[in-house]
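Hi,

Here is the structure I promised to pass along.

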Amino acid sequence: MPDPTLIAAQVQGSAEGSAQPSPGSGSRTLAVNVLAGGGANLVKIGLQLVMLPLMAHLLGPAEFGVYALALPTVAFFMTLADGGLGASLAREPTQSREIWSTAFWLVLMVGAGLTLIVAGWGVILAQLSREPRVADVMGLLSVSFLFVTVSVLPYARLTRERRLAAISGADLAGNLIGAAVAVMLALGGAGAMSLAAQYVILYLVRGSVLNLLAFVRPSLVFRPAMLKAHVSTGSALVASRLVDFAGRLVENLVFGRNFGPAALGTFTFANQVPRFVCEAASGPLWGALYAHALREDDAHLARLHAKLVHILSLLLAPVAFLTAAVVPGLILRILGPAWSDAATILSILIPFYALNAVAHQSGALLLAKGSGWTLFRLSLLLVVARVAAVLPGPWLGPFGVAWGIGVAQVLFAGLMLRAPGRIGLSPTGPLLRGMLAPTLAGIAAGLACHVIVQGAPTEIPRIALGLVAGLVGYLVVLFLLEGSRLREDLGGLRRLMRR
């Protein structure tokens, strides 16, 4: 039987959103949100590429080791910090003052509790690891939970109002200021505390900006029963995060036991790179789709979903297949032959990660429409399938495991693409058609690039020539397959920019 609280929230949301913005306004908002999120992600990627070697040079391995002892605990509890309420509350009308006030006091108590737990565990961990500085580092890191939790409600309000560009700006400001503070402290001899300060400053600045933009003073009301529907949706989101977190731990444990620590290092590297690249590209689209799914009618939402799947396929397909063609030679040149297995595994996995990122856009619709537990079940299935692919490692070898993980991701992608149609949203057919041409063109680009670089895979001029040839081949095949659609999309983009 449907939950009455959830039904009431959806009815109120429909009433609140009855005055829909014009299609042009909605399209402009979507474009601004996607571009702002993508631009912020690019800056953050560049910042990380600069900060990692710089801080390694300033601090040395011993200080990084102290920080590495503290970070796993913080990362684990950070998955629990908002309880998934930030995403779920974005579905709630802002007139529901009692619900928003109750949520404020609840997340504040959770933040205070996690701060005490992490700080206390830091004292214990310092004794267990015989590294007394860990207690101070974790004590500082624990403060970040307070800043995260007080940002939950402003984040939800901005998401509901589709002001994702403001969220991206706050996140970017936190990253830039945190990096600057970390460098200054490291130059002053603060050691591992400079890395902890960077982490805390990030959330302090982000939280301050979000609250300046969207803080609403809560009432002295605390009725947890009113949050039943949101706790359910938030729990599904947190459970999905924890399943992913636990799945990676089990996957790495089994792989390391099968092949040893050196092979585990290459396997971890080969998984982290494509995951990071694909999530950086797909994240802004996911967030924009979720924000628009909260208040769009189902027919418009289905068209929007299909268009964003097509756009993301256009972006990721050439990146995935061209990277698969050139990465073995690049890694061999930059990191040496010890990393050759990582290069092969990465070239196998990255097209599957790209497919996964495209299909995962359906998760935004499932979450926005109250089907968070469907998303959890599909995430659990992916984790089980990936672990099942790693288990026969002694017989398949590391490359066979990589192909098995690819098969698991194809299974997950198929189910994710089908899931919105099962709740009356996007049918699978338009989504698959939007992915077909970019995928075929990407395969053609990868093959063209591979033919050119295979004779001298480590030579930079040959790699550059292969990439150029691949991109040309991609565009040619793409226009042959869907030239009319691309011309229509470009015309729509020009009209949008003139508004």
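Which backbone oxygen does the side chain of Ser379 reach? That of Leu375, at 2.9 Å.

Before the rest, some housekeeping. This is a predicted model, where local features need pLDDT of at least 70 and side-chain atom pairs count only at pLDDT 80 or more, while totals for chains, interfaces and linings use all residues. Residues are numbered from 1 along each chain as its sequence is written, and side-chain values use heavy atoms, with hydrogens and water left out.

Back to Ser379: it sits in helix H16 (residues 372–390); helices here are DSSP runs of H or I, at least four residues, numbered from the N terminus. Ser379 counts as buried because its relative accessibility is 12% (buried means under 20% relative accessible area, with a 1.4 Å probe and protein chains only). Leaving out residues up to four places away in sequence, Ser379 touches Ser240, Val243 and Phe412 (contact means heavy atoms within 4.5 Å).

Next, a helix pair. The axes of H12 (residues 261–293) and H14 (residues 340–359) come within 8 Å and cross at roughly 30 degrees (axes are lines fitted to C-alpha atoms over the stretch in contact, and angles run from 0 to 180 degrees between N-to-C directions). So H12 is roughly parallel to H14, a label for angles under 35 degrees. Among the residues making the contact are Phe269 and Arg275 of H12, and Leu349 and Tyr353 of H14.

Finally, H8 (residues 152–160) is largely enclosed by the rest of the structure, because eight of its nine residues are buried. Just after H8, Arg162 takes a positive phi of about 65 degrees.

Cheers

Conventions:
Buried < 20%, exposed > 50% of the residue type's maximum accessible area, 1.4 Å probe, protein only. Helix = DSSP H or I, 4+ residues; strand = E, 2+ residues; numbered from the N terminus. Parallel < 35°, antiparallel > 145°, perpendicular 65-115°, else oblique. Polar contact = N/O pair within 3.5 Å; in protein donor to acceptor, adjacent residues only side chain to side chain.
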